[in-house]
Amino acid sequence: MLGGIAVASSKRRRMLQAGRAGGALLAMGLTGCAALPQSTIDVAGPVARRQLELLNFTTWLMVVIGVLVALAVVYVMLRFRDRGQPGRPPQTRGHRGLQIAWTVIPILIVIYKAVPTVADAFYLAETPPNAMQVNVIGHQWWWEFQYPDLGITTANELHIPVGQPVDLRVSSVDVIHSFWVPRLAGKVDAIPGRSNKLWLQADQAEIFWGQCAELCGTAHAHMAFRVVAQPPDAYAAWTRRMQDLAAHPVTPADPVAARGQELFTGKAGCLGCHTIAGTRAAGKVGPNLTGLALRTTIGAAALDNTAENLSRWIHHPAEVKPGALMPKLPLTDAEIQQLVAYLRLQK
Ligand code: CUA
C-alpha cells in the first residue's frame, strides 16, 4: 500500500518534472534564448545586428511563403476533392501559365532575398577605416590576443573599447578552431597558416561570452573566452596597466610571493611555456600570464580567477579541464601556494 503511494508519487514527480522541462524549452523557444549569455538574438553590436536583421528578413519571408503554400494545398484539397463522380477526373497536361508561374515566382523570391544578403556580405567584408587591430590566435585549448599597435599580448580575455570597431585577424597554430562571440558577430574559422578577417563592435560596456565553435579536440568545450567591452577611459587604463606591467614587472616584497617568482622562473619550469613580460619567463606554448590577476577567469574560462581556483588548477589541470596540455607539476602544496601568491600579484 505504502509502496503503491510511493510509486504513484514518484511517477507524479517525474511527470511534473517533464512538464516543467517542457515549459522551460517552450519558453526558450518563444524568447529565442534571449536570457542566455551566448544568444545570437540578443545582439549588442552593429555586426550581429545586421546578421540578425537578415535572419529575421529571411525567416519572415519563409513564413509568408510557407503560409501561402499551405493555403494553396488546402484550397486544392477542397476544390478537387472526390465528390463521388464516376470515372477519372479530367486530366491536365502542360499548363503553360502554371509552368511560367512556378518558374518565375521562385526566381523573383531568390532575387528579392539576394539583394539584402549581398549588401550585408559587402558591409561585413568592409572593416571600418577607424578600426583597431587585434590578432586572434587559436591554440589547443585557449585563445591568444595580440595588440600589435600597443605591444600587448594577453590570453582568453579580449579587452575592447565600447563603440570602437575592432579588426580581428584570426589564425591558429595547431588545428582548426572557430572564433565566436554570438552577441557581437558571427563565427569565423581560425585556420593554421591563414589569416581570416572579422570585424566587430560592442555597443555597451559588458563582458560578452565567446566560445570556440569548431570541434578541435578533447577540451574543445572548455575553449571559451570573454570579450571585455569597456568605456574608452577604462580601456585606456587597462592598456596602460598592461604596458606598465611589461615595463616594470612585479617585484614581490612578500617572501612567499618572492619564493613563488623564483619557482616560476626556475625550478618549477613554468617559464618553459609561459611568458610574464619583462621577466626571464618568455615561453610561447601556453597562455601569456602578464596581468593574469586582472582576468576574471583562468583555464580559458574554465574557472573563476580566485586564489583557491588557481591553486586547484595548478594542482590538477587535467581534472579541471580534461585534455588540458598543462602538466601536473611535481610541486609541494607549499610551493603551489608560493606560485599562487606570485601570480596573484600580476595586476
Ligand atoms: Cu578550439 Cu574547438
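1. E206 stands opposite A229 in β10. β9 (residues 206–212) and β10 (residues 224–230) pair in the antiparallel sense over 6 bridges. Strands count as paired if DSSP finds at least two bridges between them. Strands (E, at least two residues) and helices (H or I, at least four) are DSSP runs, numbered from the N terminus. Strands of a sheet pair through backbone hydrogen bonds, either parallel or antiparallel.

2. A word on the source. This is a predicted model, in which local features need pLDDT of at least 70 and side-chain atom pairs count only at pLDDT 80 or more, while totals for chains, interfaces and linings use all residues. Residues are numbered from 1 along each chain as its sequence is written, and side-chain values use heavy atoms, with hydrogens and water left out.

3. Now the sheet. It is open, has 5 strands and runs in the order β4-β10-β9-β6-β7, with mixed pairing. The edge strands β4 (157–161) and β7 (185–190) each pair on one side only. The twist averages 20° from one strand to the next. Helix α4 (residues 232–247) lies across β4 and β10, at about 130° to β4.

4. Next, a helix pair. The axes of α2 (residues 46–79) and α3 (residues 96–125) come within 10 Å and cross at roughly 175°. Axes are lines fitted to C-alpha atoms, for helices over the stretch in contact, and angles run from 0 to 180 degrees between N-to-C directions. The two helices are therefore roughly antiparallel, a label for angles over 145 degrees. Residues in contact (heavy atoms within 4.5 Å) include F57 and L61 in α2, and Y112 and Y123 in α3.

5. How many cavities of 30 Å³ or more does a search of the whole structure find? The search finds 1. On a 1 Å grid over the protein atoms alone, a cavity is a set of points where a 1.4 Å probe fits but cannot get out. The largest cavity has a volume of about 40 Å³; a volume is the space filled by probe spheres set on the points, which are joined across faces, edges and corners. Its lining residues (an atom within 4 Å of a point) include H159, W238 and M242. β4 and α4 are the elements that give two or more residues to this lining.

6. Last, the largest pocket, at about 650 Å³. A pocket is an open set of points with protein on both sides within 12 Å along at least five of seven lines. Of its 35 lining residues, H274, G286, P287, W313 and M326 lie nearest its centre. α6 gives the most to this lining, with 3 residues.

How values were computed
Angles under 35 degrees count as roughly parallel, over 145 as roughly antiparallel, 65 to 115 as roughly perpendicular and the rest as oblique.
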